[in-house]
Amino acid sequence: MGWVARLFDTRDTLARTVLLNLSGVGYLVFGTQAGRSPTAMQWLLAAVAFAVALALHRRPLVNLVVQAALLAVAFPVLDDITINQVGASWALLEVAMRAPRPRTIWLAAGLLVTVDLTDSIGDPFGRVLSGAFGLVVEVGVPLLLGLVIRTTRELTRQAEQRAEEEQRRRESESRAARADERTAIARELHDVVAHHVASMVLRVGVARHVLTDLPPQVGEVFDDVHGTGSAALADLRRLVAVLRDPDGVRGDAALTAIEPSALPAALGAAVDRARQAGVTVEADIDPAVGSLDAVRGLAVLRLTQEALTNVAKHAGTSALARLSVAVVDGAVHWEVTDNGRGRVPAAAPAGGGHGITGMRERVDVLGGRLEAGPAGAGWRVRTVLPAAVTAPTAAAPSPAVTAASSMPRVRGAGPHAPEPA
């Protein structure tokens, strides 16, 4: 029934008028009384009615007035006034569907009733009564149909409006819920995590100044712990700021994004920190990483920090690790391997960590694929971050990646699962 709804759509008045006129022409040619051809006056009034309907199809009230006048003219001069009656009734239907105020509809219906009743002036009572019943078809049917269409359209509009309002309400509630969650997380980070980290940094700083006769190696350890804690506090403050006011920054990618030119130095600092922990690191860093965009640059830095931390944790602090970062045709080729031959590492926390999961999520967002698995006696983690960054749709990890992430962990000299605490 889609074509019926389209037929009475307010935007298709011209199509309706053309169909009505064609029906009128068909009636004049084929539908008149048998043996009687339309008269010249009948053709003339029909042609005027057709032309007026086409010219005034966007002005239904004016069209109704003209069609009613033509009907009044047809009463005394024509025996068959069907064309003019249908034209006037259809004009009333258009008014009932499209008039801006209900009062206009009833005035239009009253005008058509008045014109029809003028033909019964001076007639016997029986003929007047018959004409009054004829008004049910000529006026009542188009009026009722127009009001039904008008009411249906209004109900549809109201339903759509309520649906839009409900959608906006749900979105508002969802935003409010997310804001409450972010605020709660920010409060916990500020009141618990940041407090303890700040306390540790303060204690290390006090110890560094109180203990003045420490060996140089111990002093370097204190300085490194103090610097690492201070950097962690800065990251926590920025994270809390974003959680409390997400609109105040340019998105999560800008949260801790570093300047591209600072990336080589940041990677070097991550390598130095791993070396201070006892891991032997051979680094091959392409100077072109300084030209990467901030998002991919941050990803490379975080992947490197995570992977080198995992080497120290799972392969042992005396292991040999190799870091390779190269930019080839705009794509970043990143890889960290180790020989798994360090001293026995510290025990992993119960239940395992979330390092590989976090690394994989970060790589997936940038359109790459993380591969992690045994490499000889050690472990290898690598990925390629494409030059054209596209956010992939939610898809299941590839079989290769799934298999790699589910490989068994062997501590000590064997393969290990690089997951942080």
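Let's start with D293, which counts as partly exposed at 31% relative accessibility. By that I mean between the two cut-offs: buried is under 20% relative accessible area and exposed is over 50%, with a 1.4 Å probe and protein chains only. The side chain of D293 meets that of R296 in a salt bridge, 2.7 Å from N to O. R296, on the other hand, is buried, with a relative accessible area of 7%. A salt bridge here is a side-chain nitrogen of Lys or Arg within 4 Å of a carboxyl oxygen of Asp or Glu.

A quick word on what you are looking at: this is a predicted model, where local features need pLDDT of at least 70 and side-chain atom pairs count only at pLDDT 80 or more, while totals for chains, interfaces and linings use all residues. Residues are numbered from 1 along each chain as its sequence is written, and side-chain values use heavy atoms, with hydrogens and water left out.

Now the overall picture. The chain has 12 helices and five strands; these are DSSP runs numbered from the N terminus, helices being H or I of at least four residues and strands E of at least two. Of the 421 residues in the chain, 35% are buried. Contact, for us, means heavy atoms within 4.5 Å. Take the contacts between residues at least 6 apart in sequence: 71% of them join residues at least 24 apart.

Back to charges for a moment. How many salt bridges does the structure hold? There are 12. One of them joins E282 and R322, with the closest N and O atoms 3.2 Å apart. E282 sits in strand β1, residues 280-285, and R322 in strand β2, so this pair ties together parts that are 40 residues apart in sequence. E282 is partly exposed at 40%, and R322 is partly exposed at 40% too.

R275 and D272 make another bridge, with 3.8 Å between the closest N and O atoms. Both lie in helix α9, three residues apart, about one turn of the helix. R275 is partly exposed at 41%, and D272 is partly exposed at 39%. There is also a network of salt bridges that links E166, R169, R170 and E173.

Let's go inside. The largest nonpolar core has 33 residues, and V300, W334 and M359 have the most contacts inside it. Such a core is a set of buried Ala, Val, Leu, Ile, Met, Phe, Trp, Tyr and Cys residues joined through side-chain atoms within 4.5 Å. Two or more residues each come from α9 (263-276), α10 (294-315), β2 (320-328), β3 (331-338), α11 (355-365) and β5 (378-385). Which element gives the most? That is α10, with nine residues.

Two residues let us look around in there. Leaving out residues up to four places away in sequence, V300 touches L267, L292, V325, V332, W334 and L385. M359 lies in helix α11 and is buried at 3% relative accessibility. Apart from neighbours within four places in sequence, M359 contacts L303, E306, A307, N310, W334, L370 and V381. The C-alpha atoms of M359 and L303 are 6.4 Å apart, although 56 residues separate the two along the chain.

Next, helix α4, residues 60-77. Which residues of α4 are buried? They are P60, N63, L64, Q67, A68, L70, L71, A74 and F75.

Last, the strands and a loop. Strand β4, residues 371-375, runs antiparallel to β5, and five bridges join the two; strands pair if DSSP finds at least two bridges between them. A375 stands opposite G378 in β5. The hairpin of β4 and β5 has two residues between the strands, and there G376 takes a positive phi near 70°. In the loop between β2 and β3 we find D329. D329 is not a glycine, yet has a positive phi of about 55°. Is D329 buried or exposed? At 78% relative accessibility, D329 counts as exposed.
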